[in-house]
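Walk me through this fold, piece by piece. Start in a loop, then move to the strands and helices.

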Amino acid sequence: MNKFEKFKTNIKSHFQNDVNINLSPALNYRNRCEFSFSKGSYVMYENNKKIYLKSFKVASVEIQKTMTLLLDKINNSEKLKNKLFQINFRSNSSNLVTTSLIYHKKITDNHIKLIDKLSNELKINIIIRSKNFCYSSQNYFFEYHLKLNNLVLYQTDNCFFQPNKFLLEKMITKVQDFINNPKDLLELYCGVGTFSLPLSSLFNKVLATENNRNAIQCLNKAIIKNSISNISSARLSSNEVYELINGKKFNRMKQNEITDFDFSHVLVDPPRSGLDLNTVNILNNFENVIYISCNQNTYIRDMNLLKSHNIEKIELFDQFPNTKHLEIVSLLHKKN
């Protein structure tokens, strides 16, 4: 039984209709890749076993080209190679690449000069990190342009960003299609605003919450860049949002009060661990819940906990072809 059939079987007690599947090309789809570095090679792990790589065919074409050129430069420079233990890549809608080199050593001025030279040669942005140190050869914030409303998103090298270049905008469009009779939107785990920004044109007001400091910086930068006036952001965890709804005051809400909003919808896009019980209790109070999940096991578990809601619409997005992973985009509606 493949992952799609497994999900359809497991969800039948909650959703009896057919489930639409959005497929991705099997190659060149990843805009974000992370590798360890060892023995002059990129390293990934499978079943706790090291796999040594020179290239990675599922990465975007731009990342693949950069991987080959960068590895050659690193292996021909003892200064670049010494104490290097991780290499991360991101590419964007403009076919630009940003690369992170992470070291177990103190970074010197000579190392920075070497990185600046390499950045110019390869025409990429390079970020170097070590303990309590970060340097970027060009710009720490990396732009991503959406065709939807010509919006600009920002990301950093160490915050979450949707990985599949072919399915990103399809997922956003699907969520937009789910919206009916909108008032205000509450979003938990909003990240860099991948959904907050395009959805803001449909709602009167948006309260976007996220615990990651870098992600909130990216969202706030994008709010200004896109001249959006109806998104309020707050660096709050899901548990803190639970406390907020139950009357606790947070300075991070700035001048906003939770009572200023008339929420018709809540959107959650949690990590693979799914929802905690406090978040489940939050959702039980909302008429409409948009639940985006990257783990079908925790999604099924959470559906068993959300007894107050029915699944009204659901679609699957194959973000990682030929793996066990899939992305679930769903709309839940409160039972009468």
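In which loop does serine 227 lie? Serine 227 sits in the loop between helix H7 (213-225) and S13. The model is a predicted one. Serine 227 is not a glycine, yet has a positive phi of about 55 degrees. Is serine 227 buried or exposed? The cut-off for exposed is over 50% relative accessible area. Serine 227 has 67% relative accessibility, so it counts as exposed.

A second residue also deserves a look. Lysine 254 is found in the loop between helix H8 (238-245) and S14. Its phi is near 55 degrees, a positive value in a residue other than glycine. Lysine 254 counts as exposed because its relative accessibility is 58%.

Now follow the chain into S14. Take its pairing with S11 to begin with. Strand S11 (residues 184-188) runs parallel to S14, and 5 bridges join them. Within this pairing, aspartate 184 has phenylalanine 263 of S14 as its bridge partner. S14 also pairs with strand S15 (residues 288-293), again in the parallel sense, over 4 bridges. Here histidine 265 has asparagine 288 in S15 as its bridge partner. How does the chain get from S14 to S15, and what is the hand of the crossover? The chain passes through helix H9 (residues 277-283), and this β-α-β crossover is right-handed.

S15 has a further pairing. With strand S17 (residues 327-334), S15 pairs in the antiparallel sense over 6 bridges. Valine 289 has leucine 332 in S17 as its bridge partner. Helix H10 (residues 296-305) lies across S15, strand S16 (309-317) and S17. H10 runs at about 155 degrees to S15.

Step back to the whole sheet. It is open, has 8 strands and shows mixed pairing. The order is S1-S16-S17-S15-S14-S11-S12-S13. Which strands form the edges? They are strand S1 (20-22) and strand S13 (231-234), each of which pairs on one side only. Neighbouring strands of this sheet are turned by 20 degrees against each other on average, direction ignored.

Another set of strands involves S2. Strand S2 is mostly covered, with 5 of its 7 residues buried. S2 pairs with S5 in the antiparallel sense over 5 bridges. There, cysteine 33 has phenylalanine 89 in S5 as its bridge partner. S2 is also joined to S3 by 3 bridges, and these two run antiparallel. Serine 38 stands opposite serine 41 in S3. S2 and S3 form a hairpin with 2 residues between them. Lysine 39, in the turn, has a positive phi of about 55 degrees.

Helix H2 comes last. Does its span agree or disagree with 1.5 Å a residue? The 15 residues of H2 (residues 61-75) should span 21 Å, and the end C-alpha atoms are 22 Å apart, which agrees. Buried residues in H2 are Glu62, Ile63, Gln64, Thr66, Met67, Leu70, Leu71 and Ile74. An α-helix has 3.6 residues a turn, so residues three or four places apart point the same way. What covers the buried residues of H2? The cover includes strand S2 (32-38), strand S3 (41-46), strand S5 (84-91) and strand S6 (97-103). Helix H3 (78-81) and helix H4 (109-122) contribute to it too.

How values were computed:
Residues are numbered from 1 along each chain as its sequence is written. This is a predicted model: local features need pLDDT of at least 70, side-chain atom pairs count only at pLDDT 80 or more; totals for chains, interfaces and linings use all residues. Side-chain values use heavy atoms; hydrogens and water are left out. The expected span of a helix is 1.5 Å times one less than its number of residues. Buried means under 20% relative accessible area, exposed over 50%, partly exposed in between (1.4 Å probe, protein chains only). Contact means heavy atoms within 4.5 Å. Two strands pair if DSSP finds at least two bridges between them. A crossover is right-handed if, with the strands pointing away from the viewer, the path from the first strand over the helix to the second runs clockwise. Axes are lines fitted to C-alpha atoms, for helices over the stretch in contact, and angles run from 0 to 180 degrees between N-to-C directions.
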